[in-house]
Amino acid sequence: MKISGNLTITKENQENYKDVIEVSGYVDVQEGATFTAPVLAKSGSVYVRQGATFTAPVLAEVSGYVYVRQGATFTAPVLAEVSGYVDVQEGATFTAPVLAKSGYVYVRQGATFTAPVLAEVFKKIGYQFTDETFPKGTYLNLTIKEVDYLKRLKPLLKSNKLVMSRWHENENWKNQTYDEVIGCGTTHCVAGWIQIFEKDKYNEISAEECGIKCAPNLAHLFYKSEEDVELVIDTLIK
């Protein structure tokens, strides 16, 4: 059975979809359901709601995100690629032993995300693991340059010079040297500081445009809070 569109699994209908092999839209396993899809090989996003259990023994590709809510369990032993993000919430368990590629990964307090192959990918970026299970944190696929930006942002965050509510406190930075900007005490957001790090290269475009050009993998942070940015930085920069 192939499903064109979305598939919602409930406790009442879960036995009706044992023979589904592909879902073009999302798979939504709702609270109270325990769903095993023995021949499902490909799907869009996967959403496992609070307390639900989803087992997909031959699922190899998710062309969207994976969202495992509080207390839910998702087991995908041959899943190799998730094109979007992975979000494992409090008390949830996601096991994907051969997963090698994904978007950013968000592991909440008390969650268990076991993905040894993907862990090795993130270790090469600079993230620190003691075993194959992801510790709490936010993990991004970053370039060397983007890692360097985060290293430079960390002391600015700790000294309250990173404020996410505006791109730049004022436009004086354009007429200052880099050292003068650092020393003057003005505040800037992530994209604003990236523009300053690249001083005089991108003065004529917006901070957002500069940030996207220079650090596309950090772009989703541009509208986040200081707390969200701090979690991203502290997960990587110890």
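Is Ser 4 buried or exposed? Ser 4 is exposed, with a relative accessible area of 76%. Please keep in mind that this is a predicted model. Here is a quick tour of that residue, the cysteines and the largest pocket.

**Around Ser 4**
- You will find Ser 4 in the loop that runs between strand 1 (2–3) and strand 2 (7–9).
- Pro 135 lies 131 residues from Ser 4 along the chain, and 36 Å separate the C-alpha atoms of the two.

**Cysteines**
- The number of disulfides in the structure is zero.
- A disulfide is a covalent bond that joins the sulfur atoms of two cysteines.
- For Cys 184, the closest cysteine sulfur belongs to Cys 189 and is 15 Å away, which is too far for a bond, because a disulfide needs the two sulfur atoms within 2.5 Å.
- Cys 189 is in no disulfide either, as its nearest cysteine sulfur, that of Cys 210, is 10 Å away.
- Cys 184 is partly exposed, at 37% relative accessible area, whereas Cys 189 is buried, at 1%.

**The largest pocket**
- The largest pocket holds about 160 Å³ of space.
- Its lining is made up of Tyr 104, Tyr 106, Thr 138, His 220, Leu 221, Lys 224, Asp 228, Leu 231 and Val 232.
- Sorted by class, the lining of the largest pocket has five nonpolar, two polar and two charged residues.
- Helix 6 (residues 226–236) gives the largest share of that lining, with three residues.

Key. Residues numbered from 1 in each chain as written. Predicted model: local features only at pLDDT ≥ 70, side-chain atom pairs only at ≥ 80, totals over all residues. Heavy atoms only, no water. 1 Å grid on protein atoms, 1.4 Å probe; cavity = no way out; pocket = protein on both sides within 12 Å on 5 of 7 lines; lining within 4 Å. Points joined across faces, edges and corners; volume = space filled by probe spheres on them. Helix = DSSP H or I, 4+ residues; strand = E, 2+ residues; numbered from the N terminus. Nonpolar A, V, L, I, M, F, W, Y, C, P; charged D, E, K, R; others polar. Buried < 20%, exposed > 50% of the residue type's maximum accessible area, 1.4 Å probe, protein only.
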